Every structure is written in C-alpha cells, then in structure tokens.
Amino acid sequence: NIIKSKISNQANTLKFWNKNEFQELELISQNVLSFDSNNDEAQSARLYWKSLFTNKTFKREQGSEDIINSMLNYSYAILRATMARSLSTSGFLPVFGIWHQNRYNAFNLVDDLIEPFRAFCDLYVKLLLNTKYSQSMFLTIPIKRDLVKLLTFECVYINNGISNISKAIEVFVKQYKRAVISNDIS
C-alpha cells in the first residue's frame, strides 16, 4: 500500500504538470504486488524522473550535487525529520521499520513511511525551480528558507480535505498507529 501510494502520488504530480506519462504510472500503481515483487517502484521511478525533469543532464543519483538533486535532498531531509518527530511523539521507535531493516539506520520506519510524501517534495521543488530559482546553481540560504516552507504547503488530500504536509503527516501517523494497534492493514 505504501508503494501504491507513492506511485499514485507521483502520477498525480505528473498530471499536475500535464505530463502524459501520469497514465502509465496510474496503471503501474494499480498493479503493485506484495513486497513489490515486480519491482514496480523502480520501474515507475525511471519513468517519473525522466518525465518530471526534462533537463537532459538531470539524473536522480546518490551523490549528485546539481541544484535539482540538492533541492530534492534538502526537502527530503525536512520531510524525514518531520516524520521522525511525528512517529516519536506517537510512541513509535523509528529504528523498527516495515521494509527497511538496516541495523545502522536509526530511522528505518521513517524511511518506510515517508515514501508517499516524497512526490509532494518533488512538486514543490519543481514549482520553486520554475518560479524563483531557474537560474540557481547552488543551494543557498534563501532556497533553504523556501524549502522549509514545504511543511506549510497545502497540497495533500487527506480526510476529505486539503491539508499542509506537516498536518497530513500527523494524521497519517495517527492512522498508522490505529492500524497497528487494531492489526488492520486496510
């Protein structure tokens, strides 16, 4: 369900930018199997990144230091910290993940649960790049300030309404906690 949500949100991000590939991502999201045995997450990622950022030199790779990757990484760090705080205040130990099980990672559960929210970061970064920072080459303090505003970005449809990312994460974690306590994966 987490991977389905992630791919579905990626499809909605492409749809927002009028990219036809959103239809293919929607189809992929509907057919994700348990444990992502068809590797749909990776297949959708290749299509998604190629469609979202049409810059010929852009590649979503670890260690890349171009402005797009720098802004994405910084926004994911903000998202990760917000999810970690919400999980901790709800009584979870973030070290115990669902899928992530790295004993050297203190945030395995965080890394599992932020996946559906990453597309909102992508959308926000692309908005900033298209409106304010199209000529930027480096991650500057003003860019970082604008990226922190991601938390108040109202773009998440949750509980029959639009919410900002920070509040949506709180709601999501509460729903996750309810599901864990009642042993109900639906």
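This is a predicted model: local features need pLDDT of at least 70, side-chain atom pairs count only at pLDDT 80 or more; totals for chains, interfaces and linings use all residues.

What pattern does the protein chain follow, read along the sequence? The pattern is α-α-α-α-α-α-α-β-β-α. In total, the chain has eight helices and two strands.

Let me begin with the overall dimensions. The C-alpha atoms of the protein chain fill a box of roughly 50 × 35 × 35 Å along the principal axes. For a chain of 186 residues, a compact globule would have a radius of gyration near 16 Å, and the protein chain has 16 Å, so expectation and model agree. Of the 186 residues, 46% count as buried. The protein chain exposes about 11000 Å², and carbon and sulfur atoms supply 53% of that area. As for the contacts, consider those between residues at least 6 apart in sequence: 58% of them join residues at least 24 apart.

I turn now to the first helix in the numbering, H1. Helix H1 covers residues 2-16, which makes 15 residues. Which residues of H1 are buried? They are Ile3, Lys6, Ile7, Asn9, Gln10, Ala11, Thr13 and Leu14.

Just after H1 comes Asn18, which takes a positive phi of about 60 degrees although Asn18 is not a glycine. This residue lies in the loop between H1 and H2. Is Asn18 buried or exposed? Its relative accessible area is 68%, and because the threshold for exposed is over 50%, Asn18 counts as exposed.

Next, the nonpolar core. The largest such core has 54 residues, and those that touch the most other members are Phe53, Met71, Met83 and Ile165. The largest share of this core, 10 residues, comes from helix H4, residues 67-89.

Phe53 is found in the loop between H3 and H4. Its relative accessibility is 7%, and since buried means under 20%, Phe53 counts as buried. Which residues does Phe53 touch, not counting those up to four places away in sequence? They are Phe58, Ile68, Leu72, Asp122, Val125, Lys126 and Leu129. For the pair Phe53 and Ile68, the sequence separation is 15 residues and the C-alpha distance is 8.7 Å.

The other residue is Ile165. Leaving aside neighbours within four places in sequence, Ile165 is in contact with Leu79, Phe120, Leu150, Leu151, Phe153, Cys155 and Val156.

Strand S1 (residues 154-158) and strand S2 (residues 161-164) run antiparallel and are joined by four bridges. Glu154 has Asn164 as its bridge partner in S2, and Ile158 has Gly161. The hairpin of S1 and S2 has two residues between the strands, and here Asn159 takes a positive phi near 55 degrees.

Gln135 lies in the loop between H6 and helix H7 (141-148). With a relative accessible area of 69%, Gln135 is exposed. Gln135 and Ile67 are 68 residues apart in sequence, and their C-alpha atoms are 9.5 Å apart in space.

Thr89 lies in helix H4. With a relative accessible area of 65%, Thr89 is exposed. How far apart are the C-alpha atoms of Thr89 and Asp184, which are 95 residues apart along the chain? They are separated by 21 Å.

Thank you for your attention.

Key. Residues are numbered from 1 along each chain as its sequence is written. Side-chain values use heavy atoms; hydrogens and water are left out. The expected span of a helix is 1.5 Å times one less than its number of residues. Buried means under 20% relative accessible area, exposed over 50%, partly exposed in between (1.4 Å probe, protein chains only). Two strands pair if DSSP finds at least two bridges between them. The radius of gyration is taken over C-alpha atoms; the globule rule is 2.2 Å times the number of residues to the power 0.38. Contact means heavy atoms within 4.5 Å. Accessible areas come from the Shrake-Rupley method with a 1.4 Å probe; for residues, only the protein chains shown count as cover. A nonpolar core is a set of buried Ala, Val, Leu, Ile, Met, Phe, Trp, Tyr and Cys residues joined through side-chain atoms within 4.5 Å.
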